Amino acid sequence: MTTDTRRRVKLYALNADRQWDDRGTGHVTSSYVDRVKGVSLLVHAENDGSMLLESKIHPDTIYHKQQDTLIVWSEGDNFDLALSFQEKAGCDEIWEKICQVQGKDPSVEITQDVVEESEDERFEDMSDSAPPIELPPCELSRLEDISEAIANGLTSQIRKDKLAQAIESENYIKKLLSLFHICEDLENHEGLHYLYEIFKNIFLLNKNALFEIMFAEDTIFDVVGCLEYDPTGNPPKQHRQYLKQLAKFREAIPIRNGDLLAKIHQTYRVQYIQDIVLPTPSVFEDNMLNTLSSFIFFNKVEIVTLIQEDEKFLDDLFTLLTDPTTSDAKRRDIILFLKEFCNFAQYLQPQSKETFYKTLISLGILPALEITLAIN
């Protein structure tokens, strides 16, 4: 069994509640397996070498590569799996092997193009396999047409995939956000209501590539702004004000890792969008936003991992927490940070979670809590 950290992965499986269960940490390889007559992905546990996964790479299985270190696919109709790689290089290597087996270019992020169907499938899905979707010009006078075009794109998976490709390739999200600024400046409520419907339906496309665009630092607040103008609500919600002013992230101590700080901000905002801004999930189709849930889940795992790897940050944090000269207000900020940190840690696998809590104990969390509980 290889000990190459490039191939070190965590295996996840999506459960019946559409939550990711951690199935263990191990090392992934790809090799031909006689029993299944094909190249398979094999994951052996790093602690005892037991087999965690044997998955044949079928020529028609749809594999998704997400966030540089994640590969997601479905085994059968209702069994989704994910490999989260420790290093991007390892993810790239396995992705190249998958693409090689399926005869695909490794530069793609999804291995099965929806337009590459057999003639029989084309005939059976004639109503769905319309020509590539052409979006209306992104102009103020065409917002109604745009809203209708995007709503119509939700009628089948094929159309959703084509619509997502069109939105991404035409830089359509940023064009729409430019119209949002114009509508707000002009107090064009009809246009703002169309933009609400447009972005609500873009979320329903359930595409990680579009989430990456919408959740970027320079776009996420405008996306939230579009979702403030629910046609059924009056007056508009104040989600941006809450995120910018009432919910400012207070660093217990300075976070020097810029990537970590950006990931914390992004995760908090996306969680708020999922929990508060978007309509109640029950009104959506089944599993409509599972990719959004996965986006948040893997962000949280990455945050915990980055913090655990920063020994100086944790040392400084607990030194400040146990210092008798630390103000009560500062100590409360640290405790609130640790509370959220522990909340994110619930997504770790059992072995990693145990190590995590042992680390906190060794750093002195118990006496620190005693001091905190004594605060009036």
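Phe318, Leu321 and Thr322 in α12 meet Ile365, Ala368, Ile371 and Thr372 in α15. These contacts belong to a predicted model.

Look at the two helices themselves. Helix α12 covers residues 311–322, and helix α15 covers residues 365–373. They pack at an angle of about 35°. Their axes lie 9 Å apart. What is the handedness of the crossing of α12 and α15? The crossing is left-handed.

Now step back to the whole protein. The secondary structure comes to 15 helices and seven strands. The table lists some overall values.

| Feature of the protein | Value |
|---|---|
| Buried residues | 46% of the 376 residues |
| Contacts between residues 24 or more positions apart | 59% of the contacts with a separation of 6 or more |
| Accessible surface | about 19,400 Å² |
| Part of the accessible surface that belongs to carbon and sulfur atoms | 49% |

Which residues make a nonpolar surface patch of about 250 Å²? Leu140, Ile182 and Leu186 make this patch.

Take Leu140, one of the patch residues. Where does Leu140 lie? Leu140 sits in a loop between two helices, α2 (119–124) and α3 (143–152). The relative accessible area of Leu140 is 32%.

Terms used: Residues are numbered from 1 along each chain as its sequence is written. This is a predicted model: local features need pLDDT of at least 70, side-chain atom pairs count only at pLDDT 80 or more; totals for chains, interfaces and linings use all residues. Side-chain values use heavy atoms; hydrogens and water are left out. Helices (H or I, at least four residues) and strands (E, at least two) are DSSP runs, numbered from the N terminus. Buried means under 20% relative accessible area, exposed over 50%, partly exposed in between (1.4 Å probe, protein chains only). Contact means heavy atoms within 4.5 Å. Accessible areas come from the Shrake-Rupley method with a 1.4 Å probe; for residues, only the protein chains shown count as cover. Patches are made of residues with over 30% relative accessible area and no salt bridge: like charges are joined within 9 Å, nonpolar side chains (Val, Leu, Ile, Met, Phe, Trp, Tyr) within 5 Å. A salt bridge is a side-chain nitrogen of Lys or Arg within 4 Å of a carboxyl oxygen of Asp or Glu. Axes are lines fitted to C-alpha atoms, for helices over the stretch in contact, and angles run from 0 to 180 degrees between N-to-C directions. A crossing is left-handed if the near helix is turned anticlockwise from the far one by less than a right angle, and right-handed if clockwise.
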